[in-house]
Amino acid sequence: MDQPTVGILHPGSMGAAVAACATTNAAAVLWCETGRSTASVERAARFGLTPMATLTELLDRSDIVISLCPPAAAEDLARDVAGHRFAGVYVEANAINPERTKRIAALLEHGATVVDGGVVGSPPVGGKTPTLYLSGPGPATERIAALFAGTAVQTAVLGTEIGKASALKLAYASFQKTSRVLVALAIGMAREHGVDQELIEVASKRTDSYLSEPQYVAKTAARAWRWGPELEEAADSLAAAGLPPEMLRAAASTLARWHEVKDDSELTLTDALDRLAHP
């Protein structure tokens, strides 16, 4: 059985959890500790990842590299990897639009084999089972599917075309994340007029409505620093398809009001709404 050495760039909450699942079928899962925060060091240790002092060392040892970083950093990170002439399988798993994914594939085309990836769902911890959608060359996507076989990360191959996995990820994110922003705005408006509890009661009669889950507003606020850039990426995809991007750009602008509460697990609904109304 193929047991590749895997490098993860970089182990945030999603990346570290996905990398931990890869340890099941990998010889080792590496990460580069240079310049990373104390939180990243602690997270990587908790998930059993092996630290490397430099990116060069990680790339020299890795057969597969998985890129899971903030969207804005995706191309610069790929450019760094290309500069080191990495020749393995590079999984571009960030929430970026298909055109950016294709540019990254072009950056790496003279060395690495690029697989387009998109994670849909929550990090694979506590019983959560996200799906890693894949598109790209058949042998490479099969290799990534094998890497996560029997783990909490499910995989699904969408075909050989780079961009398909990115498009699916952003299409889903555009609905899911914008819906959560609309919930916050609706509850904020109702609270201003003293009818927020009545609004929640109305929504609770429809169990399929995000509006019946007001407690999620605080979680949305804490994740806004990641979600906003994702929606900007999705807006770019809409514009490229000739579809109106303004709704998603407005949602991203709303999320920007919560930038200062990054990953705040103690945030309450009241706190989140107060910050939304008075940034």
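Val202 is exposed, with a relative accessible area of 54%, where exposed means over 50% relative accessible area, buried under 20% and partly exposed in between, using a 1.4 Å probe and protein chains only. Val202 sits in helix H8, residues 196–204. Helices here are DSSP runs of H or I with at least four residues, strands are runs of E with at least two, and both are numbered from the N terminus. Ser212 is ten residues from Val202 in sequence, and the two C-alpha atoms are 8.1 Å apart in space.

Before going further, a word on what you are looking at. This is a predicted model, in which local features need pLDDT of at least 70 and side-chain atom pairs count only at pLDDT 80 or more, while totals for chains, interfaces and linings use all residues. Residues are numbered from 1 along each chain as its sequence is written, and side-chain values use heavy atoms, with hydrogens and water left out.

Now step back to the protein chain as a whole. Its secondary structure comes to twelve helices and eight strands. The C-alpha trace spans about 60 × 45 × 35 Å along its principal axes. For 279 residues, a compact globule would have a radius of gyration near 19 Å, and the 20 Å of the protein chain agrees with that; the radius is taken over C-alpha atoms, and the globule rule is 2.2 Å times the number of residues to the power 0.38. Of the 279 residues, 48% count as buried. The protein chain exposes about 13200 Å², of which carbon and sulfur atoms supply 53%; these accessible areas come from the Shrake-Rupley method with a 1.4 Å probe, and for residues only the protein chains shown count as cover. Take contacts between residues at least 6 apart in sequence: 64% of them join residues at least 24 apart, with contact meaning heavy atoms within 4.5 Å.

Pro4 lies in the segment before E1 and counts as buried, at 4% relative accessibility. Not counting residues up to four places away in sequence, Pro4 touches Asn25, Ala26, Ala27, Ala28, Asp63, Ile64, Arg143 and Leu147. Leu49 is 45 residues from Pro4 in sequence and 14 Å away in space, C-alpha to C-alpha.

Ala26 is placed in the loop between H1 and strand E2 (28–32), and its 8% relative accessibility makes it buried. With residues up to four places away left out, Ala26 touches Gln3, Pro4, Val6 and Leu147.

Next come some backbone details. Most residues other than glycine have a negative phi, and most peptide bonds are trans. The bond joining Leu9 and His10 is a cis peptide bond, with omega about -5°, and His10 lies in the loop between strand E1 (5–9) and helix H1 (13–22). Arg85 has a positive phi, near 55°, and is not a glycine. Look for Arg85 in the loop between helix H4 (74–83) and strand E5 (89–92), where it is exposed at a relative accessible area of 74%. Asp263, also not a glycine, has a positive phi of about 55°. Asp263 belongs to the loop between helix H11 (246–255) and helix H12 (269–277) and is partly exposed, at 48% relative accessible area.

H12 leads us to a helix pair. The axes of H7 (residues 164–192) and H12 come within 10 Å and cross at roughly 90°. Such axes are lines fitted to C-alpha atoms, for helices over the stretch in contact, with angles from 0 to 180 degrees between N-to-C directions. H7 and H12 are therefore roughly perpendicular to each other, a label for angles of 65 to 115 degrees; under 35 counts as roughly parallel, over 145 as roughly antiparallel and the rest as oblique. Ala184, Leu185, Ile187, Gly188 and Arg191 of H7 make the contact with Thr270, Leu273, Asp274 and Leu276 of H12.

Helix H7 also holds Arg180, which is buried at 8% relative accessibility. Leaving aside neighbours within four places in sequence, Arg180 is in contact with Tyr210, Glu213, Tyr216, Thr220 and Trp227.
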